[in-house]
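Here is a short tour of a structure for you to follow along with. Please have your viewer ready, and enjoy the look around.

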Amino acid sequence: MTLRFSWAALIGLAAIVPTPVAWSVASGEAAPACSAPLLDGGRTTNLADYRGKVVYLDFWASWCAPCRESFPFMNELQGELADTGLQIVAVSVDKTADEAQRFLARYPAKFTIVLDTKGACPAAFRLEGMPSSYIIDRTGAVRAVHVGFRGSDRAEIRRQLTEILNGGK
Amino acid sequence: MRMARFGLGSALVLIATLGGCAAVPPWERGTLAKPVMSVDPPTQEQQQKLRTYGAKEGGAAATGVGGGGCGCN
């Protein structure tokens, strides 16, 4: 084996080694297209259908522990801000509807739940962690990204939502 | 020359083994959260195993709890 051939092999192998997933869609970028069926019915929902509303797009799963805390918070947001044009869409990335339903039986949701078993939406948004949430303004641009859910995020999310809801656009 | 070849060889081996690693996207980590993926066996099974082990060793708390072995605690 010549040295030259070895280098070629080395470079070839390096190309196979998995590269880290690209960074998430960031604040300021347009929200990618994303559609998934509603959990409790076959109707497909498009993210673009909510253009003109401020969308709080949340990615969750039944196996995701912090999601248990985010659900009561999202119910609160829905109660407080739905009148001012907020739409909460929570995308379940579970593999089956059963898993999602079991979670919802314990942590009920008062907002829109869609099920994306194929993971097309999280792939389009290039999630960096679970849960992740995106605040999308009335023009369809991402305005804020939250990875994970901590108690301290509540105030920040509420502030951002209120600002975007009141800021026209 | 010989050193270069050795270094190259090591790099080849390293990269070939790295190929076995897969990046699991965050939204697919549920698969890793399934019970079969846990390091410890299920609690009930473990209890049964401990019980059998305790009986075989012939003493209460044969698994290392203080005072075990002689049955005098």
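Helices (H or I, at least four residues) and strands (E, at least two) are DSSP runs, numbered from the N terminus. This is a predicted model, in which local features need pLDDT of at least 70 and side-chain atom pairs count only at pLDDT 80 or more, while totals for chains, interfaces and linings use all residues. Residues are numbered from 1 along each chain as its sequence is written, and chains are lettered from A and ligands numbered from 1 in the order in which they are written.

**Chain B**

- Two helices and zero strands make up the count for chain B.
- Of its 73 residues, 3% count as buried (20 or more other C-beta atoms within 10 Å of a residue's own, with C-beta atoms placed from the backbone; exposed means 12 or fewer, partly exposed in between).
- Helix α2 (residues 43–57) of chain B has 15 residues and should span 21 Å at 1.5 Å a residue, which agrees with its end C-alpha atoms being 21 Å apart; the expected span is 1.5 Å times one less than the number of residues.
- The count of buried residues in α2(B) is zero, leaving this helix hardly covered.

**Strand β6 of chain A**

- Five of the five residues of strand β6 (residues 132–136) of chain A are buried, so the strand is largely enclosed by the rest of the structure.
- In a regular strand the side chains alternate between the two faces of the sheet.
- In β6(A), both faces are covered: A:S132, A:Y134 and A:I136 are buried on one side, and A:S133 and A:I135 on the other.

**Partners of β6(A)**

- Strand β3 (residues 54–60) of chain A pairs with β6(A) in the antiparallel sense over five bridges; two strands pair if DSSP finds at least two bridges between them.
- A:S132 in β6(A) is the bridge partner of A:F59.
- Strand β7 (residues 142–147) of chain A runs antiparallel to β6(A), and five bridges join them.
- A:V142 in β7(A) stands opposite A:I136.
- The hairpin of β6(A) and β7(A) has five residues between the strands, and A:G140 in the turn has a positive phi of about 90°.

**The sheet of chain A**

- Five strands of chain A form an open sheet with mixed pairing, in the order β5-β4-β3-β6-β7.
- At the edges are β5 (112–115) and β7 of chain A, each pairing on one side only.
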